[in-house]
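Here's a quick briefing to read with the structure open beside you. Keep the view handy and look up each residue as it comes up.

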Amino acid sequence: MTTATTTGLLDALPPQACERLTQLGREVSFPAGARIFEEGQRADRFWIIHTGSVSLDLHVPGRRAAVVETLGHGDLLGWSWLLPPYNWHLGAQAQSPVRAVEFDATIVRALCEADPVFGRAVSRRVAEIVARRLQQARTRLLDLYGPAGSSAAP
């Protein structure tokens, strides 16, 4: 199992679920600066990053997109594929050359439906990743906008 500080998917799944998911992936790469997906577009795949870094950004009308997080080795890129309406909540851009394993979301969702144990394992881990990222975003917002010392532990 992983520690609470990782945001990986494969390393936290039970061995059989990890093996099943791994068999569905294919190696891909993105050059630095490539847009991997756009906020609001159809979320039809997801990735596990091997090398490089990817920034997640949020559209801000009249301004440049705001980077909200940077992902790297072992991180899950994309979770919007798991929940209807299957549209990206953020955009993503390669900050450096990226190598990753890509998964077809339709196939993985079908496997999750067909195998409830596998589906529960994947859904639970993705939910843990999303919850951790939400907590990290909350802490960053407190650091930026909260009163001095508001993000520090008591």
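What follows is a short tour, grouped by topic.

This is a predicted model, in which local features need pLDDT of at least 70, side-chain atom pairs count only at pLDDT 80 or more, and totals for chains, interfaces and linings use all residues. Residues are numbered from 1 along each chain as its sequence is written, and side-chain values use heavy atoms, with hydrogens and water left out. Helices (DSSP runs of H or I, at least four residues) and strands (runs of E, at least two) are numbered from the N terminus.

**Salt bridges**

- The structure has eight salt bridges, each one a side-chain nitrogen of Lys or Arg within 4 Å of a carboxyl oxygen of Asp or Glu.
- One of them pairs the side chains of R45 and E102, at 3.6 Å from N to O. This pair ties together distant parts of the chain, since R45 sits in strand β3 (residues 45-51) and E102 in strand β8 (residues 98-104), 57 residues apart.
- How exposed are these two? R45 counts as partly exposed because its relative accessibility is 29%, while E102 counts as buried because its value is 8%. For these labels, buried means under 20% relative accessible area, exposed means over 50%, and partly exposed is in between (1.4 Å probe, protein chains only).
- Over in helix α3 (residues 116-145), R124 and E128 are four residues apart, so about one helical turn separates them. They form a salt bridge too, with their closest N and O atoms 3.3 Å apart.
- R124 is exposed at 59% relative accessibility, and E128 is partly exposed at 36%.
- E128 also has a salt bridge with R125, where the closest N and O atoms are 3.1 Å apart. R125 and E128 are both in helix α3, three residues apart, which is about one turn of the helix. With a relative accessibility of 8%, R125 counts as buried.
- Elsewhere, salt bridges with shared partners connect R26, D44, R45 and E102 into one network.

**A buried charge**

- Look for D75 in the loop between β5 (66-71) and β6 (76-77).
- D75 is buried but has no salt bridge, and the nearest side chain of opposite charge, R133, is 4.9 Å away. When charges are assigned, Lys and Arg count as positive and Asp and Glu as negative; His and the chain ends are not counted.
- What lies 2.8 Å from a polar atom of the D75 side chain? That's the backbone nitrogen of G72.

**The largest pocket**

- The largest pocket holds about 620 Å³ of space. That volume is the space filled by probe spheres set on grid points, with points joined across faces, edges and corners.
- On a 1 Å grid over the protein atoms alone, a pocket is an open set of points with protein on both sides within 12 Å along at least five of seven lines, and lining residues have an atom within 4 Å of a point; a cavity, by contrast, is a set of points where a 1.4 Å probe fits but cannot get out.
- Its lining has 22 residues, and V68, E69, L90, A137 and R140 lie nearest the centre.
- At least two lining residues come from each of β4 (54-58), β5 and α3, with α3 giving the largest share, nine residues.
- Sorted by class, the lining has 15 nonpolar, three polar and four charged residues. Here Ala, Val, Leu, Ile, Met, Phe, Trp, Tyr, Cys and Pro count as nonpolar, Asp, Glu, Lys and Arg as charged, and the others, Gly among them, as polar.

- Most residues other than glycine have a negative phi, and most peptide bonds are trans.
- P84 and P85, however, are joined by a cis peptide bond, with omega about 15°. P85 is in the loop between β6 and β7 (91-94).
- Y86 belongs to the loop between β6 and β7 as well. Its phi is positive, about 60°, although Y86 is not a glycine.

**Sequence versus space**

- G25 is in the loop between α1 (15-24) and β1 (26-30), and its 26% relative accessibility makes it partly exposed.
- G25 and D104 are 79 residues apart along the chain, with 7.7 Å between their C-alpha atoms.
- L24, in helix α1, is partly exposed at 34% relative accessibility.
- L24 and A66 are 42 residues apart in sequence, and 33 Å separates them in space, C-alpha to C-alpha.

Terms used: A polar contact is a pair of N or O atoms within 3.5 Å; within protein, one must be able to donate a hydrogen and the other to accept it, and residues adjacent in sequence count only if both atoms are side-chain atoms.
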